[in-house]
Amino acid sequence: MIRRTIPIWLFWLLAIGGVIALLMSYEIVSIQATRINELQNTIPSLKKLPEGIKEIFRPQREPENPKPAMFWVDIRATMLRLGIGMTIGVFFSVLVGVLMGAYRWIEAPLSPIVMFLSKVPPTAMMPIYFALAGIDLSMFVSVVALGIFFSMTQSIYQAVCQDVTDEAINKAYTLGASELEIIYEVIWKQILPKIIDSIRLQIGPAMVFLLAAEMLVGGAGLGYQIRMQSKTYNMKVVYVYVTILAMIGLAAEWILATLRRKLCPWYVK
Amino acid sequence: MSQFALEVKSLSHSFGSYRVLDNINLQVLPGQIVAVVGPSGCGKSTLLKAILGTNPPTSGEILTDGIPVRGPNRNVGIVYQNYSLYDFMNAEQNVSFGLKLDETSFLTRFFAIRTYWEKRKKHLAKSRDFLRELGLENACGKYPHEMSGGMKQRVAVAQAFIMRPKIVLLDEPFGALDEAMREDLQLMLLRFYQENLLAKKEGRRPEYTILMVTHELNEAIYVADRVIGLSRFHTQGDQGAAIVYDKPCPLFSPEDPRDFSRFAQQRDELRKAVFNDEYIKDRNKYVTFWSELSDLANSVASTTTQK
């Protein structure tokens with residue numbers, strides 16, 4: 001029967017079984033590929049993946065110019081770009097989205113522009129960013145910030161329109177609120193869980209835009225490294241990097257979900 | 001301070017060429033509970049929005065306590081049918097929200113945190129006391145999604161009244177509640193009215209002045225001390241709805257039995273005057289309250305002077 005509940009132990013058993021099945025399938029495909037070509041690196045055995053982990057954490061020994069391990073250089077570059085880009089993108093999205101939802105004279109000129117540009121795939125805009133912002137940190141930041149800005153502004157604006165009723169605003173006026181107080185005490189607080197959810201949903205696209213930009217023009221970063229390693233078929237490093245990206249995504253999701261639970265205990269989906 | 005909590009002077013309202021309200025004149029004294037009834041689409045909500053200040057009239061003027069209404073403001077409280085409590089605040093925070101807005105500035109809340117928290121504690125205590133008076137001591141820490149409809153509506157009433165506005169507008173306040181909840185809330189309004197009577201007796205200005213829109217005739221006559229009928233079924237009906245009925249109601253105390261037969265005759269008269277489209281009448285025929293109103297206003301004025 002559709003949506004019939006199953007015991008919790010069975011649920012967990014199936015969940016763990018799914019992961020084991022995936023790993024076993026991978027290993028079988030790897031064994032088959034090795035049987036055909038002993039030197040193949042495309043699908044390395046699971047046993048070889050720890051070598052990939054060791055490799056990314058091995059300090060790069062250059063006698064005259066000692067550098068930290070490859071992983072730390074890449075993660076630092078990617079996280080810095082992502083952090084600054086997301087902060088700027090989120091700040092302006094919330095500001096513009098809230099103001100559009102609050103004032104008709106701001107909504108009127110901006111809503112067609114935001115609606116139009118939110119439909120343009122940010123990766124298609126990359127040549128424009130390269131031309132305008134060069135290929136240094138500011139370019140990566142622009143890719144992330146502008147990449148999320150339009151769609152996030154759109155979702156914040158819609159959250160204000162849907163979740164903050166005219167009644168809530170009129171009532172605040174009757175209780176003596178000023179416009180600034182309505183924006184902060186009513187609108188901001190009402191849509192805070194939606195803002196956190198929007199950030200959570202935008203992390204994935206932001207990573208896509210950033211990795212794509214790094215693959216194209218990066219000198220360091222997870223995207224750059226994945227491209228470089230895949231060129232030499234050093235797939236054990238690529239798979240480790242991909243796994244790390246998934247773990248970063250999961251960690252960000254967990255942190256934001258926890259933040260939403262702590263800050264908005266009233267929120268029921 | 002004006003002798004009237006609310007004055008509506010020659011108010012008319014049109015949507016394009018369609019005239020909804022025609023020459024509405026209304027005066028409400030402090031302490032009155034006035035029910036407004038009328039057929040669907042007759043302009044009750046338009047009148048309420050005009051008084052609230054969200055829908056300015058095409059012509060005419062509205063004064064609360066002698067001050068012209070230019071927009072929603074601190075003098076007029078509102079309770080909506082759908083509760084419209086703030087989801088992100090629990091009951092006591094919802095009720096104390098107005099006190100916070102009134103007594104602390106936006107900057108104080110960020111830069112004078114100690115002073116702010118001292119005041120905030122007092123606001124929350126006051127809000128808890130008020131909720132306790134309304135029998136809601138168990139609701140203090142609950143968020144709106146954890147409360148029943150009746151609880152939410154009582155919290156919404158408390159949120160409006162704790163601010164002591166000149167008048168509170170109730171827009172179909174009990175429309176979404178079951179019968180038992182309705183009864184509870186009706187009794188709450190009757191208790192407010194008892195407090196008004198006590199205040200008048202002691203020479204104080206009554207605190208609970210209410211204009212309530214409802215479609216329930218029994219509720220209107222049972223709870224209010226004056227009922228107003230708004231309708232287009234009068235001789236100049238094509239010009240818009242007007243007040244075609246304005247009479248005092250029998251007074252009930254919360255302890256009295258809910259005996260609606262006491263006002264059966266008035267209910268029939270009200271139904272005929274307001275809801276019967278086959279009975280087109282002179283709009284002033286059923287309006288008897290104006291002469292009594294001026295006497296009442298004089299008595300309130302003299303009480304205030306003596307005090």
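I take the expected span of a helix as 1.5 Å times one less than its number of residues. This is a predicted model, and these are my notes on it.

**Entry: helix α1 of chain A**
I started with α1(A), residues 8–36. Its 29 residues should span 42 Å at 1.5 Å a residue, and the end C-alpha atoms are 42 Å apart, so the two figures agree. Then I asked myself how many of the 29 residues of α1(A) are buried. The count is zero, and I noted the helix as hardly covered.

**Entry: domains of chain A**
Next I looked up the domain assignment of chain A. It gives domain 1 as 8–40 and domain 2 as 70–263. I found the C-alpha centres of these two domains of chain A to lie 35 Å apart.

**Entry: helix α4 of chain A**
I moved on to α4(A), which covers residues 104–117. With 14 residues, α4(A) reaches 20 Å from first C-alpha to last, close to the 20 Å expected. Where does the kink in α4(A) lie? I found it at Leu110(A), with an angle of about 45°, shortly before the proline Pro112(A). For burial I used the cut-off of 20 or more other C-beta atoms within 10 Å. One of the 14 residues of α4(A) is buried, so I wrote this helix down as lying largely in the open.

**Entry: α3 and α6 of chain A**
A helix pair came next. I noted that two packed helices are described by the angle between their axes and the distance between the axes. Helix α3(A), residues 70–102, packs against α6(A), residues 137–163, at an angle of about 30°, and their axes are 6 Å apart. Angles under 35 degrees count as roughly parallel, and α3(A) and α6(A) are therefore roughly parallel to each other. I also recorded their crossing as right-handed.

Last, I turned to the backbone of chain B. I placed Asp65(B) in the loop between β4 (59–64) and β5 (67–68) of chain B. Is Asp65(B) buried or partly exposed? I counted 18 other C-beta atoms within 10 Å, so Asp65(B) is partly exposed.

Tyr83(B) is not a glycine either, and I read a positive phi of about 70° for it. I found Tyr83(B) in the loop between β6 (76–79) and α2 (91–103) of chain B. Tyr83(B) has 21 other C-beta atoms within 10 Å, so I marked it as buried.

Notes. Residues numbered from 1 in each chain as written. Chains lettered and ligands numbered in written order. Predicted model: local features only at pLDDT ≥ 70, side-chain atom pairs only at ≥ 80, totals over all residues. Domains from an automatic or database assignment. Helix = DSSP H or I, 4+ residues; strand = E, 2+ residues; numbered from the N terminus. Bend = angle between axes of the 7 residues up to and from the residue. Buried ≥ 20, exposed ≤ 12 C-beta atoms within 10 Å, placed from the backbone. Axes fitted to C-alpha atoms, helices over the stretch in contact; angles between N-to-C directions. Parallel < 35°, antiparallel > 145°, perpendicular 65-115°, else oblique. Left-handed = near helix turned anticlockwise from the far one by under 90°.
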